[in-house]
Amino acid sequence: MFESFRQNLQDLMDRATPPEERRAGLAQMKDTLVHAKLAVEDLRDGVIKTQQKLAVEEKEMQTMQRRREAATAINDAETVTLAEKYHGLHSERVDVLKRKLEAQEAELAIVERDVAEMTADLKRAMTGAPSGPARASINDTATAEVEDLLRRDSHVGAEIDSLARAGRRADREAEADRQLAELKKRMGK
């Protein structure tokens, strides 16, 4: 995804591009940027879900530790054995989830950096600023105008926000359904 974006940018900057091709290239770059931003949101959601799973597993591991200690205090060997078994399982899951979370956070940082670079590159392409190290000196007014154009054009921000809201709503509804089913199960229905 990022390679095609950079290739389009390079093509636009390296040659005298006719206006029609330039607009088509910019449109394709905007589309790629929208998909990249959606990918960032998916990665963030994944990090949050992993953090939540990790918190649950850590809590369960602590619960098993307390049960093992309580069973040891009353000399209940069977409960001690079971608590040790489940403490070990939860401990393994905690280790795996910590490694997973670390990898997800690293991936998110990389993709966020790429998206920031893509956004800056698109702004430069839209303003006609040169590429390369000297390109960082874009006029603040032009940058604000480009940001405004990006917000208005194809409603990128609204689309991303709408998709994020829909995802959160679906997650809440699924959680409510799960809790309702659990409640019905407890009530014997």
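The following numbered points review a predicted model of a single chain.

1. Basis of the model. Residue numbers start from 1 along each chain as its sequence is written. Local features of this predicted model need pLDDT of at least 70, and side-chain atom pairs count only at pLDDT 80 or more, while totals for chains, interfaces and linings use all residues; side-chain values use heavy atoms, with hydrogens and water left out.

2. Confidence. The mean pLDDT of the chain (the predictor's confidence in each residue, from 0 to 100) is 77. A score of at least 70 is reached by 69% of the residues. Among the elements, helix 3 (residues 77-127) has the highest mean pLDDT, 89, whereas helix 4 (residues 140-152) has the lowest, 50.

3. A segment to read with caution. Over residues 133-143 the pLDDT stays under 50. For this segment the model has eight contacts (heavy atoms within 4.5 Å) beyond four places in sequence.

4. Secondary structure. The chain comprises five helices and zero strands; helices (H or I, at least four residues) and strands (E, at least two) are DSSP runs numbered from the N terminus. Along the sequence the pattern reads α-α-α-α-α.

5. Overall packing. Of the 189 residues in the chain, 26% are buried, where buried means under 20% relative accessible area, exposed means over 50%, and partly exposed lies in between (1.4 Å probe, protein chains only). Among contacts between residues at least 6 apart in sequence, 72% join residues at least 24 apart.

6. Backbone at N75. N75 lies in the loop between helix 2 (19-73) and helix 3. Its phi is near 60°, a positive value in a residue other than glycine. The residue is exposed, with a relative accessible area of 70%.

7. L82, Y86 and L89 make a nonpolar surface patch of about 250 Å². Patches are made of residues with over 30% relative accessible area and no salt bridge; like charges are joined within 9 Å, and nonpolar side chains (Val, Leu, Ile, Met, Phe, Trp, Tyr) within 5 Å. L82 is found in helix 3 and is partly exposed at 43% relative accessibility. Y86 is also placed in helix 3 and is partly exposed, with a relative accessible area of 37%.

8. Pairs separated in sequence. The C-alpha atoms of Y86 and M61 are separated by 7.6 Å, with the two residues 25 apart along the chain. D121 and M29 are 92 residues apart in sequence, and their C-alpha atoms are 9.5 Å apart in space. D121 belongs to helix 3 and counts as buried at 6% relative accessibility.

9. E41 and R44 are three residues apart in helix 2, so about one helical turn separates them. Both ends are partly exposed: E41 has a relative accessible area of 24%, and R44 is at 34% relative accessibility.

10. E182 is partly exposed, with a relative accessible area of 35%, and R178 is partly exposed, with 42%. R186 also meets E182 in a salt bridge, at 3.1 Å, N to O. R186 and E182 lie four residues apart in helix 5, about one turn of the helix, and R186 is exposed at 61% relative accessibility. Salt bridges that share partners join E175, R178, E182 and R186 into one network.

Conventions: Areas by Shrake-Rupley, 256 points an atom, 1.4 Å probe, with all protein chains shown as cover. Salt bridge = Lys/Arg side-chain N within 4 Å of Asp/Glu carboxyl O.
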